[in-house]
Amino acid sequence: MHICSVVSARPNFIKLAAICRAIDRRPEAAIRHTIIHTGQHYDPLLSDIFFTQLTIPTPTINLEIGGLSRVDMIAKTHDALLTVFSSLKPDWVFVYGDVNGAVGAAGAAHECSIPIAHIEAGLRSFDQEMPEELNRIAIDGMARLLFCTERSAVENVIREQRSGTPVLVGNTMADTLLSTLPFIRSRTPSFSPHQPFVLSTLHRPSNVDHEEPLGHALRLLTRVNEHCRVYIAAHPRLMRSLASSNALMALASECQIIEPLGYLEFLSALDRCEFILTDSGGIQEEAVVLHKRCFTLRRNTERPVTVESGSNVLVDPSRREDCESVMQYVTSRTPAHIEVPKEWDGKTGDRIIDYICRL
């Protein structure tokens with residue numbers, strides 16, 4: 001069997017690592033696995049370092065398509081992969097998550113009549129102003145196998161009457177996190193504040209591309225910082241916005257801005273922080289596995305199980321009531337009771353490869 005995995009961005013690489021390990025554990029299946037990197041994340045700390053730290057094989061092909069608009073990135077990825085898939089003729093194309101490169105890959109595979117397996121299918125925020133939501137819907141419309149992380153995702157694709165088959169398998173992110181935790185906890189961390197700290201990431205266009213919402217988010221972070229030191233990881237998109245506004249940069253600088261951390265360094269910080277303030281989808285899930293309180297600075301989430309678990313709380317920084325609920329937690333620090341979904345057990349990659357091999 002020949003599987004092509006197409007990856008583009010940080011969350012994809014984390015999920016890919018679980019698939020690579022599962023394939024390695026099934027040598028009798030004789031699976032040929034070709035990894036294609038679209039190049040959407042081309043900063044080494046957002047891309048190359050994952051292949052090193054997660055011991056993922058070097059991609060066979062790197063399309064080097066990055067730095068474009070959503071429409072252009074999807075189109076260029078689609079066109080490039082038409083040629084690649086026509087030459088390789090894989091049995092399956094695996095696409096991961098909801099990034100632009102995944103849509104281009106799914107479109108090319110669909111045009112070449114190659115069956116698609118969507119890893120992390122069915123997630124819905126029900127907010128079609130989010131590009132990721134449009135991407136998820138488009139990919140699920142083309143996929144033959146819809147590998148879902150949670151039950152709400154299965155329910156979504158059934159309700160939408162997708163032609164693909166939904167399969168609840170769990171979360172490949174949890175596989176990778178659980179497999180790396182012993183190593184992380186056994187070594188001296190490179191990022192090690194001497195006092196308790198809060199970790200924050202901001203990168204979504206809805207939060208960082210415009211001055212008003214970014215100002216709301218930063219004012220909340222500075223309030224939290226008065227009680228517990230806040231470290232903001234410097235995502236390139238955030239830093240571009242801060243560089244264009246002295247007022248926003250001054251707000252952010254009341255906290256501690258740090259350089260982006262490698263995957264293992266970031267997980268180590270996540271494991272040791274008091275709690276998290278983020279707009280990341282993947283970090284919502286990682287917080288659940290680590291039994292951490294996570295305040296997600298968004299009005300919605302495509303991962304409702306993170307809220308149901310007791311870990312995640314949605315926060316709109318423009319709403320006074322939401323900000324006060326965060327501050328109440330900061331001052332009381334009442335421990336959260338968190339239940340990890342039973343399918344997030346570190347065996348998701350194995351379930352996916354076993355399912356494919358039985359077909």
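Helices (DSSP runs of H or I, at least four residues) and strands (DSSP runs of E, at least two) are numbered from the N terminus. The model you are looking at is predicted, so to speak of a local feature needs pLDDT of at least 70, side-chain atom pairs count only at pLDDT 80 or more, and totals for chains, interfaces and linings use all residues. Residues are numbered from 1 along each chain as its sequence is written, and side-chain values use heavy atoms, leaving out hydrogens and water.

Let's begin with the sheet. It is open and has 7 strands in the order E3-E2-E1-E4-E5-E6-E7, with parallel pairing (two strands pair if DSSP finds at least two bridges between them). At the edges are E3 (61-62) and E7 (165-168), each pairing on one side only. Look inside the sheet at E5 (residues 116-121) and E6 (residues 145-148), which are joined in the parallel sense by 4 bridges.

Now for two helices. The axes of H9 (residues 211-225) and H11 (residues 246-253) come within 9 Å and cross at roughly 20°; axes are lines fitted to C-alpha atoms, for helices over the stretch in contact, with angles from 0 to 180 degrees between N-to-C directions.
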